Amino acid sequence: MAEGDTIHRAVARLKPILEHQRLARVEITRHTGPLPEVGETVEEVRAHGKHVVVTFSGGLALHVHLRMTGSWHAYRHGERWRRPRSQARVIIGTSEWTVVCFNAPVVDVGPGAAAAVDHLGPDLCADDVDVAEAAARFDRFVPPGVPIGVALLDQRVAAGIGNVYKCDVLHLRGIDPRRRLGDLEVEEREGLLALASKLLRENLDSAARRTVPDGLAVYGRDGQPCRRCGTLIRRIRQGASQPRSTYFCPGCQH
């Protein structure tokens with residue numbers, strides 16, 4: 001699943017290409033309702049956590065969530081696409097560019113599509129994010145018995161954390177991902193979100209994601225030695241409805 005830094009990098013690329021430009025082409029596959037019309041203007045392209053919202057001058061909005069499979073591409077006219085046309089879910093053309101979203105499972109278009117992000121918590125990629133506000137949302141949305149390795153992925157609490165940051169933030173803070181949310185102090189919760197926000201923002205300008213100088217702390221390193229204590233990293237599955245891999249060090253996370 002694309003994490004907040006990936007989405008914000010994509011939007012940083014799309015904003016100067018699309019914003020305030022007139023539409024020359026709009027295609028949304030598997031959509032039967034009204035679409036923005038040629039000649040309208042793209043008013044805004046913005047990211048909130050893992051979501052992208054594009055608003056148009058005619059009153060409609062586009063909401064896209066990439067999840068595990070989607071990606072945004074931008075091509076000059078005549079440039080060869082790097083994915084087949086059959087995988088395109090969204091095509092937005094201007095006088096100079098064609099923006100394509102491939103394989104996104106969630107694509108909504110309509111006057112209320114922008115509201116799809118209203119339920120999300122504060123965006124941890126934002127410079128002015130209120131970490132205390134985000135941490136307070138744990139008690140509103142997550143039962144105390146839920147493991148913190150699951151709770152951190154709840155986008156209603158804070159938007160932008162995915163599996164990579166979840167695992168590495170817990171490791172860097174020395175917290176076992178199996179600990180119950182209710183057993184963590186307020187300061188521990190805020191510390192996790194503050195560190196996640198810091199790391200997300202540090203990775204906004206580079207696709208080579210790093211959480212420690214050598215790359216990633218524990219994510220994807222099952223069976224390799226912990227960079228801090230040498231204990232072999234373990235991988236477990238967490239979450240009842242959609243189990244996700246969690247990597248952690250049994251030696252220094254307790």
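Begin by selecting helix α5, residues 163-172. Nine of its 10 residues are buried, so the helix is largely enclosed by the rest of the structure. Here buried means under 20% relative accessible area, exposed means over 50%, and partly exposed lies in between, with a 1.4 Å probe and protein chains only. Helices (H or I, at least four residues) and strands (E, at least two) are DSSP runs, numbered from the N terminus. The buried residues of α5 are Asn163, Val164, Tyr165, Lys166, Cys167, Asp168, Val169, Leu170 and His171.

This is a predicted model, in which local features need pLDDT of at least 70 and side-chain atom pairs count only at pLDDT 80 or more, while totals for chains, interfaces and linings use all residues. Residues are numbered from 1 along each chain as its sequence is written, and side-chain values use heavy atoms, with hydrogens and water left out.

Next, display what surrounds the helix. The buried residues of α5 pack against α1, α4 (148-151), α6 (186-202), β9 (234-238) and β10 (244-248). Just after α5, select Gly174, which takes a positive phi of about 70°.

**The open sheet**

Now select β2, β3, β4 and β8. These four strands form an open sheet in the order β2-β3-β4-β8, with antiparallel pairing; two strands pair if DSSP finds at least two bridges between them. The edge strands are β2 (42-48) and β8 (106-110), each of which pairs on one side only. From one strand to the next, the twist averages 10°.

Helix α1 (residues 4-18) packs on this sheet and touches β2 and β3. The direction of α1 makes about 170° with that of β2; axes are lines fitted to C-alpha atoms, for helices over the stretch in contact, and angles run from 0 to 180 degrees between N-to-C directions.

Within the sheet, focus on β3 (residues 51-56) and β4 (residues 61-65), which run antiparallel and are joined by five bridges. Thr55 has Ala61 in β4 as its bridge partner.

**Loops with positive phi**

Most residues other than glycine have a negative phi. Select His20, in the loop between α1 and β1 (25-28): its phi is near 70°, a positive value in a residue other than glycine. His20 is exposed, with a relative accessible area of 60%.

Then move to Arg30, in the loop between β1 and β2. Arg30 has a positive phi of about 55° although it is not a glycine, and is exposed at a relative accessible area of 69%.

Thr41 is also found in the loop between β1 and β2. Leaving aside neighbours within four places in sequence, Thr41 is in contact (heavy atoms within 4.5 Å) with His20, Gln21, Arg22, Thr55, Phe56 and Ser57.

Asp123 is in the loop between β8 and α2 (131-136). A polar atom of the Asp123 side chain lies 2.9 Å from the backbone nitrogen of Cys125. Beyond four places in sequence, the contacts of Asp123 are His8, Ala47, His48, Gly49, Val129 and Ala159.

Select Arg89 in strand β6 (residues 88-93). Arg89 is likewise buried and without a salt bridge, the nearest side chain of opposite charge being Asp108 at 7.4 Å. Among the residues that Arg89 touches are Glu27, Arg30, Phe102 and Val107.

**Salt bridges**

The whole structure holds 14 salt bridges. Start with Arg9 and Asp5, whose closest N and O atoms are 3.8 Å apart. Arg9 and Asp5 are four residues apart in helix α1, so they are separated by about one helical turn. Both Arg9 and Asp5 are buried.

The salt bridge of Glu27 and Arg25 has an N to O distance of 2.8 Å. Glu27 is partly exposed at 28% relative accessible area, and Arg25 is partly exposed at 30%.

Finish at Arg227 and Asp214, which meet in a salt bridge of 3.9 Å, N to O. Both residues lie in the loop between α6 and β9, 13 residues apart. Arg227 is partly exposed, with a relative accessible area of 40%, whereas Asp214 is exposed at 61%.

Methods. A polar contact is a pair of N or O atoms within 3.5 Å; within protein, one must be able to donate a hydrogen and the other to accept it, and residues adjacent in sequence count only if both atoms are side-chain atoms. Lys and Arg count as positive and Asp and Glu as negative; His and the chain ends are not counted. A salt bridge is a side-chain nitrogen of Lys or Arg within 4 Å of a carboxyl oxygen of Asp or Glu.
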